[in-house]
Amino acid sequence: MRNVTRTTAFGTSGGGYPGDRLEYCLTYLNDGDGPLNGVNLTDSIPANTAVLTGAYGAGLGVQFTPASGAAVTYSSAADADAGRISQAGGLLVALGTVAQGASGTACFQVSVR
């Protein structure tokens, strides 16, 4: 997590004041001996925050970066792309099959209430 408003570095703890923008990122790594099928990254929205469904552009609330490629943004809505985010439903990024050794990061932002 990092406080975007106060330009703090990423860390495992932190906080903010009402109105501050926080960014949460989940990192995954398949360090097993083969591919994993049907993988989903999920997270809930932290208490006392409001999800920013347009944090990465109009209607784009999820940023996904595979270690082997460029960052992509997903719409916040439950639609045809692999990501979605909402206050009630939290974050979901459908990774599908994750190859052995593959890794990446999915990020979302919230505002402190």
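**Exercise 1. G101 and its surroundings**

Find the loop that holds G101 and list what G101 contacts beyond its neighbours within four places in sequence.

*Solution.* Start with the secondary structure: G101 sits in the loop between β8 and β9. Strands here are DSSP runs of E with at least two residues, and helices are runs of H or I with at least four residues, both numbered from the N terminus. A quick note before going on: this is a predicted model, where local features need pLDDT of at least 70 and side-chain atom pairs count only at pLDDT 80 or more, while totals for chains, interfaces and linings use all residues. Residues are numbered from 1 along each chain as its sequence is written, and side-chain values use heavy atoms, with hydrogens and water left out.

Next, the contacts (heavy atoms within 4.5 Å): leaving aside neighbours within four places in sequence, G101 touches L29 and N30. Finally, check a C-alpha distance: G101 and G32 are 69 residues apart along the chain, yet their C-alpha atoms are separated by 7.4 Å.

**Exercise 2. The overall fold**

Count the helices and strands, then work out how the radius of gyration compares with the globule rule.

*Solution.* Count first: the protein has 0 helices and 9 strands, so the radius of gyration is the next thing to check, and its 14 Å is close to the 13 Å that the globule rule gives for 113 residues, making the protein as compact as a globular protein of that length. The radius is taken over C-alpha atoms, and the rule is 2.2 Å times the number of residues to the power 0.38.

Then look at the extents: the C-alpha trace spans about 45 × 30 × 25 Å along its principal axes. For contact order, take the contacts with a separation of 6 or more; residues 24 or more positions apart account for 59% of them. Last comes the surface, with areas from the Shrake-Rupley method using a 1.4 Å probe, and for residues only the protein chains shown count as cover. The protein exposes about 6100 Å², and carbon and sulfur atoms supply 52% of that.

**Exercise 3. The salt bridge**

How many salt bridges does a search of the whole structure find, and which side chains meet?

*Solution.* The criterion is a side-chain nitrogen of Lys or Arg within 4 Å of a carboxyl oxygen of Asp or Glu. The search turns up 1 salt bridge: R2 with E23, at 2.8 Å from N to O. R2 belongs to strand β1 (residues 2–3) and E23 to strand β2 (residues 21–29), so the pair ties together parts that are 21 residues apart in sequence.

R2 is partly exposed at 23%, whereas E23 is buried at 5%.

**Exercise 4. The nonpolar core**

Which residues have the most contacts inside the largest nonpolar core, and which strands each supply at least two of its residues?

*Solution.* Begin with the rule: a core joins buried Ala, Val, Leu, Ile, Met, Phe, Trp, Tyr and Cys residues through side-chain atoms within 4.5 Å. The largest one has 19 residues, and F64, I85, L91, V93, L95 and F108 have the most contacts inside it. At least two core residues each come from β2, β5 (60–66), β8 (90–98) and β9 (103–112).

Zoom in on L91: beyond four places in sequence, its contacts are L26, L41, T42, D43, V62, R84, I85 and F108.

**Exercise 5. Partners of β5**

In what sense does β5 pair with β6 and with β9?

*Solution.* Two strands pair if DSSP finds at least two bridges between them. β5 and β6 (residues 72–75) pair in the antiparallel sense over 4 bridges, forming a hairpin with 5 residues between the strands. Within that pairing, F64 has V72 as its bridge partner. On to β9: β5 pairs with β9 in the antiparallel sense over 4 bridges, and T65 stands opposite T105.

Technical notes. Buried < 20%, exposed > 50% of the residue type's maximum accessible area, 1.4 Å probe, protein only.
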